[in-house]
Structures are given as C-alpha cells and as structure tokens.
Amino acid sequence: MIQFKNFTITAIAFFGMILFSSNAVAQQISDNEIKKNITAIDNALNRLVKLEPKSFTYDNSKYNYLSLETGKQYGFITEDIAQTFPELVDEKSVQYMFGKNVYRTAKVKMVDGVSLIPVLVASIKEQQLQIQQLKQEIEALKNSKVVVVN
C-alpha cells in the first residue's frame, strides 16, 4: 500500500494478476466560495400574490412530438410569470423528427419551479414578521387602559 496526502493506492497480487484501487478525497467547496453577489430576496410576498396558479392539461394531440406530461398538471402560465419573475422563465429547445432523417427544433418556455422555492420561503418569513407585529399590537391594545367618558 502506497499512501500520499489524501490519496491511497492499494495493489493486491492475486493469482499472478495485480489489482489496483484508489481512494481519492473530493475537494470541499462551500456555497460562499462559489456564489457571488448574494443578496436577500426583497418584496417576495407582494410579488408572489400577483401570481395566478393554474391547473391544466397539455394539448398532446396537437403537440405529441414534444413529449409533454399527460393528465392534470399544476403550475403557471409562463407569460404571466415573466411579468413578475422574468428570471424564472427560460426557453428550452426540443428537437423532434419531422420526416425521414429531418429534424426540427421547437422552442418552449419553461418555468424554473425549483428557483421559486426560495421566493416562497422569503414570503413566508415576511408573513411571519407581519403576524408577529400584529400579535404585538393586539397585546398592546389588550394591556392599554381604556377610559370611557359619558
């Protein structure tokens, strides 16, 4: 066995054959090292309430070449999302066979639902702050002395 810093090579002689194995240590990189321009998500709640969630089915009879999901779906209309969160809308190119050895490309707009999750968390935090403020106001009203004058 030969050992290097963070790297081990093991050689085993077995019936005249030599087998090698190695254990390499992966490089550890933190999010703070690889991400730049990190900022808080502001005004998430006001932006989210503008969204209109929808249920729908894809028109697979007309667009069967796109291999869209079947059955009832839940999501957003990409043009609506683009008005509030344009950075969450991306265009995907889908190649499909149009004839014998002939391919075409269709461009389909897609919503990045995974990137919407941090916005949802930010809006929940904003709501929680509002709830806490309202609780404090209610408690202050309960504790204040009310003078009734007739």
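**Surface, core and side-chain pairs**

A: Val 114, Ile 117, Leu 120 and Val 121 make a nonpolar surface patch of about 360 Å². Patches are made of residues with over 30% relative accessible area and no salt bridge, where nonpolar side chains (Val, Leu, Ile, Met, Phe, Trp, Tyr) are joined within 5 Å and like charges within 9 Å. Accessible areas come from the Shrake-Rupley method with a 1.4 Å probe, and for residues only the protein chains shown count as cover.

Q: What kind of model is this, and how are residues numbered?
A: This is a predicted model, in which local features need pLDDT of at least 70 and side-chain atom pairs count only at pLDDT 80 or more, while totals for chains, interfaces and linings use all residues. Residues are numbered from 1 along each chain as its sequence is written, and side-chain values use heavy atoms, with hydrogens and water left out.

Q: How many helices and strands does the protein have?
A: The protein has four helices and seven strands. Along the sequence the pattern reads β-β-β-α-α-β-β-α-β-β-α. Helices (H or I, at least four residues) and strands (E, at least two) are DSSP runs, numbered from the N terminus.

Q: Which residues make up the largest nonpolar core?
A: That core has 10 residues: Ala 44, Leu 48, Leu 51, Ile 81, Phe 85, Leu 88, Val 89, Leu 116, Val 119 and Ala 122. The term denotes a set of buried Ala, Val, Leu, Ile, Met, Phe, Trp, Tyr and Cys residues joined through side-chain atoms within 4.5 Å.

Q: Which elements give two or more residues to this core?
A: These are helix H2 (44-48) and helix H4 (113-143). H4 gives the most, with three residues.

Q: What is Leu 48 in contact with, leaving aside its neighbours within four places in sequence?
A: Leu 48 is in contact (heavy atoms within 4.5 Å) with Phe 85, Leu 116, Val 119, Leu 120 and Ser 123.

Q: And Ser 123: buried or exposed?
A: Ser 123 counts as buried because its relative accessibility is 6%. Ser 123 is found in helix H4. Leaving aside neighbours within four places in sequence, Ser 123 is in contact with Ala 44, Leu 45 and Leu 48.

Q: How much of the whole protein is buried?
A: Of its 150 residues, 15% count as buried. The accessible surface comes to about 13,200 Å², and 55% of that belongs to carbon and sulfur atoms.

Q: Changing topic, how many salt bridges are there?
A: The count comes to two, a salt bridge being a side-chain nitrogen of Lys or Arg within 4 Å of a carboxyl oxygen of Asp or Glu. Asp 31 forms one with Lys 35, with the closest N and O atoms 3.0 Å apart. Arg 47 and Glu 87 meet in a salt bridge at 3.2 Å, N to O. This pair links distant parts of the chain, 40 residues apart: Arg 47 is in helix H2, and Glu 87 is in the loop between helix H3 (78-84) and strand E6 (89-99).

Q: Is Glu 87 buried or exposed?
A: Glu 87 is exposed, with a relative accessible area of 55%, whereas Arg 47 is partly exposed at 23%.

Q: How many aromatic pairs does a search of the whole structure find?
A: The search finds three. Tyr 65 and Tyr 96 form a tilted pair, 4.1 Å centre to centre with 35° between the planes. Rings of Phe, Tyr and Trp (its six-membered ring) pair if their centres lie within 6.5 Å; planes under 30 degrees apart count as stacked, over 60 as edge-to-face and the rest as tilted. Tyr 63, Tyr 65 and Tyr 96 form one aromatic cluster.

Q: Finally, what is the phi of Asn 37?
A: Asn 37 has a positive phi of about 55° although it is not a glycine. Most residues other than glycine have a negative phi. Asn 37 lies in the loop between helix H1 (31-34) and H2.

Methods. Buried means under 20% relative accessible area, exposed over 50%, partly exposed in between (1.4 Å probe, protein chains only).
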